[in-house]
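This briefing is for a reader who has the coordinates open. Topics follow in groups, beginning with the core.

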Amino acid sequence: MDVLERFNDRYPFGEHLGIELTHVEEGYVEGRLELDDHHSLSESTRLAHGAVPFGLADSLSAAAIASVEGTPGPTLDVRIDYLRPATGDIYGAAEVVRYGSDTGVVEVELTDAEDRRLATTRGVYKTNLVDGANPFVDS
């Protein structure tokens with residue numbers, strides 16, 4: 001599977017959020033999200049709801065896993081640490097730090113346009129799905 005194509009052209013949730021994958025290599029991806037009014041906590045200020053950076057980080061993690069095995073596996077657990085509010089576009093880099101026979105671990109760093117850290121995540125994802133079948137993606 002072409003990871004850029006899958007996540008940029010055939011990923012409805014990513015399209016809804018406005019996620020764009022910008023770089024893919026095995027075990028590592030980069031992407032961005034252009035912050036828009038509909039991502040905001042209120043009508044009076046542009047401040048991302050916490051689910052927005054989380055959605056970007058989780059999506060980048062799934063793409064990083066897919067860059068190793070060809071398809072994204074389901075999320076099993078994610079910890080996120082919010083370091084500063086996101087008030088503009090969000091950039092992220094995800095790296096697979098462990099890829100095992102049942103699970104993989106991915107770390108993500110999210111930054112703003114000035115390269116200030118907004119959040120970090122560490123997530124666990126299912127790998128090597130049964131019989132090579134993955135019910136979480138199109139066949």
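The largest nonpolar core of this predicted model has 30 residues, and Phe 7, Val 106 and Leu 110 touch the most other members. A nonpolar core here is a set of buried Ala, Val, Leu, Ile, Met, Phe, Trp, Tyr and Cys residues joined through side-chain atoms within 4.5 Å. Two or more residues each come from H1, strand E1 (19–25), E2, H3, strand E4 (90–99), strand E5 (103–111) and strand E6 (117–126). H3 gives the largest share of this core, 9 residues.

**Basis of the values**

- Residues are numbered from 1 along each chain as its sequence is written, and side-chain values use heavy atoms, with hydrogens and water left out.
- Because the model is predicted, local features need pLDDT of at least 70 and side-chain atom pairs count only at pLDDT 80 or more, while totals for chains, interfaces and linings use all residues.
- Helices (H or I, at least four residues) and strands (E, at least two) are DSSP runs, numbered from the N terminus.
- Buried means under 20% relative accessible area, exposed means over 50%, and partly exposed lies in between (1.4 Å probe, protein chains only).
- Contact means heavy atoms within 4.5 Å.

**Confidence**

- The mean pLDDT of the chain (the predictor's confidence in each residue, from 0 to 100) is 90, and 91% of the residues score at least 70.
- Confidence is lowest in helix H1 (residues 3–9), with a mean of 85, and highest in strand E2 (residues 28–33), at 98.

**Overall fold**

- The chain holds 3 helices and 6 strands, in the order α-α-β-β-α-β-β-β-β from the N terminus.
- For 139 residues, a compact globule would have a radius of gyration near 14 Å, and the 15 Å of the chain agrees with this. The radius is taken over C-alpha atoms, and the globule rule is 2.2 Å times the number of residues to the power 0.38.
- Along the principal axes, the C-alpha atoms fill a box of roughly 50 × 25 × 25 Å.
- Buried residues make up 43% of the 139 in the chain.
- Of the contacts between residues at least 6 apart in sequence, 61% join residues at least 24 apart.

**Annotated region**

- UniProt lists residues 48–118 for "domain: Thioesterase", in an unreviewed entry. The positions are given in the numbering used here, feature names are shortened, and annotations may be inferred rather than shown by experiment.
- Residues 48–118 are 27% helix and 41% strand, with end C-alpha atoms 11 Å apart.

- The 19 residues of H3 (residues 51–69) should span 27 Å at 1.5 Å a residue, and the end C-alpha atoms are 27 Å apart, which agrees. The expected span is 1.5 Å times one less than the number of residues.
- In H3, 15 of the 19 residues are buried.
- Gly 70 follows H3 and has a positive phi, near 100 degrees.
- Leu 56 is placed in helix H3 and counts as buried because its relative accessibility is 0%.
- Beyond neighbours within four places in sequence, Leu 56 is in contact with Leu 17, Ile 19, Arg 32, Leu 33, Ile 90 and Leu 110.

**Strand residues**

- Setting aside neighbours within four places in sequence, Val 106 is in contact with residues including Ser 61, Ala 64, Ile 65, Ala 94, Val 96 and Tyr 125.
- Tyr 91 lies in strand E4 and counts as partly exposed, at 29% relative accessibility.
- Not counting residues up to four places away in sequence, Tyr 91 touches Gly 31, Arg 32, Glu 109, Leu 110, Thr 111, Asp 112 and Ala 113.
- Arg 117 belongs to strand E6 and is partly exposed, with a relative accessible area of 43%.
- Apart from neighbours within four places in sequence, Arg 117 is in contact with Leu 83, Arg 84, Glu 109, Leu 110 and Thr 111.

**Loop between E5 and E6**

- Asp 115 is found in this loop between E5 and E6 and counts as exposed, at 60% relative accessibility.
- Most residues other than glycine have a negative phi.
- Phi of Asp 115 is positive, near 65 degrees, in a residue other than glycine.
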